[in-house]
Amino acid sequence: PSKYTQEILLAEVEDMGFIDSYDFFYIPMDFKNHLNLGYAFINFLTVDDRILFEQAFLNYSFQKHGGRKLGLVSTAHIQGLTANLLHFCNRAVTWSRRGHFGPVVKIEGQRRDLRDVLV
């Protein structure tokens with residue numbers, strides 16, 4: 001649902017049991033309207049985590065800001081934490097003063113600011 005912020009969607013994903021399953025999470029936002037663009041990127045630590053996520057979220061009915069939209073899961077063309085970091089290192093959203101719109105990165109299970117990881 002387009003009203004989901006990154007924090008709301010991430011909380012729902014983590015509440016479904018995936019809190020320690022990823023190292024990269026990003027939901028592109030329309031800054032002007034404060035709505036998401038309808039998709040997110042999650043880099044899972046293992047293939048098994050990705051499979052479990054697909055089973056949980058394929059045709060999933062989102063709990064907050066309900067609507068008729070159901071979850072769809074597909075494989076991204078960029079795979080792995082390093083590849084995602086390289087992809088975002090020169091993006092405006094990474095260096096924006098609105099850091100809460102940028103990707104979430106976890107290193108050894110601890111949430112880190114993407115800008116600190118890239119420096």
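Asn59 counts as exposed, at 53% relative accessibility. Exposed here means over 50% relative accessible area, buried means under 20%, and partly exposed lies in between, with a 1.4 Å probe and protein chains only. Asn59 sits in the loop between α2 and α3. Its phi is positive, about 65°, although Asn59 is not a glycine.

The model is predicted: local features need pLDDT of at least 70, side-chain atom pairs count only at pLDDT 80 or more, and totals for chains, interfaces and linings use all residues. Residues are numbered from 1 along each chain as its sequence is written, and side-chain values use heavy atoms, with hydrogens and water left out.

**Fold**

The protein chain has five helices and six strands. Helices (H or I, at least four residues) and strands (E, at least two) are DSSP runs, numbered from the N terminus. Along the sequence the pattern reads α-β-β-β-β-α-α-α-β-β-α. The protein chain has 119 residues, and buried ones make up 34% of them. Contact means heavy atoms within 4.5 Å. Among contacts between residues at least 6 apart in sequence, 53% join residues at least 24 apart. The protein chain exposes about 7600 Å², and carbon and sulfur atoms supply 53% of that area. Accessible areas come from the Shrake-Rupley method with a 1.4 Å probe; for residues, only the protein chains shown count as cover.

**Cores**

In soluble globular proteins, nonpolar side chains tend to be buried together. A nonpolar core is a set of buried Ala, Val, Leu, Ile, Met, Phe, Trp, Tyr and Cys residues joined through side-chain atoms within 4.5 Å. The largest such core has 17 residues. Leu9, Val13, Phe18, Phe25, Phe53, Phe57 and Phe62 have the most contacts inside it. The elements giving two or more residues to this core are α1, β1 (22-26) and α2. The largest share, four residues, comes from α1. Apart from this core lies another, of seven residues, among them Phe24, Leu85, Val105 and Leu114.

Phe53 belongs to the 17-residue core. Not counting residues up to four places away in sequence, Phe53 touches Val13, Phe18, Ile42, Phe44, Leu58 and Val73.

The largest pocket has a volume of about 1000 Å³. Of the 36 residues that line it, Tyr39, Ala40, Phe41, Leu72 and Ser74 are the closest to its centre. Two or more lining residues come from each of α1 (6-18), β4 (41-44), α2 (47-57) and α3 (81-88). By class, the lining has 22 nonpolar, 12 polar and two charged residues. Ala, Val, Leu, Ile, Met, Phe, Trp, Tyr, Cys and Pro count as nonpolar, Asp, Glu, Lys and Arg as charged, and the others, Gly among them, as polar.

The pocket search uses a 1 Å grid over the protein atoms alone; a pocket is an open set of points with protein on both sides within 12 Å along at least five of seven lines, and lining residues have an atom within 4 Å of a point. Points are joined across faces, edges and corners, and the volume is the space filled by probe spheres set on the points.

Met29 lies in strand β2. Met29 is buried, because its relative accessibility is 10%. Beyond residues up to four places away in sequence, Met29 touches Tyr4, Thr5, His34, Leu35, Asn36, Leu37 and Phe101.

Asp30 lies in strand β2 as well. At 26% relative accessibility, Asp30 counts as partly exposed.

Phi of His34 is near 55°, a positive value in a residue other than glycine.

**Loop between α2 and α3**

Thr75 is found in this loop. It counts as exposed, at 57% relative accessibility. Ile78 lies in the loop between α2 and α3 too. Ile78 counts as buried, because its relative accessibility is 19%. Not counting residues up to four places away in sequence, Ile78 touches Ala83, Asn84 and His87.

**C-alpha separations**

| Pair | Apart in sequence | C-alpha to C-alpha |
|---|---|---|
| Ile78 and Phe41 | 37 residues | 9.4 Å |
| Thr75 and Arg50 | 25 residues | 9.4 Å |
| Met29 and Tyr4 | 25 residues | 9.5 Å |
| Asp30 and Phe101 | 71 residues | 9.6 Å |

Note on methods
1 Å grid on protein atoms, 1.4 Å probe; cavity = no way out; pocket = protein on both sides within 12 Å on 5 of 7 lines; lining within 4 Å.
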